[in-house]
Amino acid sequence: IYRKLYGENSLEYAESINDIALLKEYDGDFATAEKLLLQALSIKEVIIGKSSESYWTSYNNLGLLYGK
């Protein structure tokens, strides 16, 4: 839904795929979770930069995934 409303290069879309990644991680689908978190990071880096809290939240989520 967010992709259609805001486009693939929007913060809203990046936040939504970050949330979906967390659900995938919970379900044990680590490969999909990693793919989605990396995509969210890429979008956030372009839109809001590495100095934003939202970027580092996604980065932290990826680190937690790698720790499993």
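Select helix 3 (30-47) and helix 4 (residues 53-66) to begin, and look along both of them: their axes come within 9 Å and cross at roughly 160°, and helix 3 and helix 4 are therefore roughly antiparallel to each other. Angles under 35 degrees count as roughly parallel, over 145 as roughly antiparallel, 65 to 115 as roughly perpendicular and the rest as oblique; the axes are lines fitted to C-alpha atoms, for helices over the stretch in contact, and the angles run from 0 to 180 degrees between N-to-C directions. The helices themselves are DSSP runs (H or I, at least four residues), numbered from the N terminus, while strands would be E runs of at least two.

This is a predicted model, in which local features need pLDDT of at least 70 and side-chain atom pairs count only at pLDDT 80 or more, whereas totals for chains, interfaces and linings use all residues. Residues are numbered from 1 along each chain as its sequence is written, and side-chain values use heavy atoms, with hydrogens and water left out.

**Helix 3 against helix 4**

Keep this pair on screen and note that helix 3 passes helix 4 in a left-handed crossing, a term used if the near helix is turned anticlockwise from the far one by less than a right angle, with right-handed used if clockwise. Now show the side chains of F30, A33, E34, L37, L38, L41, K44 and E45 in helix 3, which meet S54, Y55, S58, Y59, N61, L62, L65 and Y66 in helix 4; contact here means heavy atoms within 4.5 Å. By class, this contact of helix 3 with helix 4 has ten nonpolar, three polar and three charged residues, where Ala, Val, Leu, Ile, Met, Phe, Trp, Tyr, Cys and Pro count as nonpolar, Asp, Glu, Lys and Arg as charged, and the others, Gly among them, as polar.

Within this pair, pick out L38, which is found in helix 3 and, at 39% relative accessibility, counts as partly exposed. The scale calls a residue buried under 20% relative accessible area, exposed over 50%, and partly exposed in between (1.4 Å probe, protein chains only). Leaving aside neighbours within four places in sequence, L38 is in contact with L62 and Y66.

**Helix 2 against helix 3**

Helix 2 and helix 3 pack at an angle of about 160°, with their axes 8 Å apart, and that makes helix 2 roughly antiparallel to helix 3. Helix 2 also passes helix 3 in a left-handed crossing. The residues of this contact divide into 13 nonpolar, three polar and four charged.

Not counting residues up to four places away in sequence, I17 touches L36, Q39, A40 and I43. Q39 has its place in helix 3 and counts as partly exposed at 27% relative accessibility; with neighbours within four places in sequence left aside, Q39 is in contact with Y13 and I17.

Apart from neighbours within four places in sequence, N61 is in contact with N18, L22 and L37.

**The nonpolar core**

Of its 13 residues, I17, L37, I43, L62 and L65 touch the most other members. Helix 2, helix 3 and helix 4 each supply at least two residues of this core, and helix 3 gives the most, with six residues.

**Past the end of helix 4**

Finally, select K68, in the segment after helix 4, which is exposed, with a relative accessible area of 64%. K68 and F30 are 38 residues apart in sequence and 9.0 Å apart in space, C-alpha to C-alpha. Not counting residues up to four places away in sequence, K68 touches E25 and F30.

How values were computed
Core = buried A, V, L, I, M, F, W, Y, C linked by side-chain atoms within 4.5 Å.
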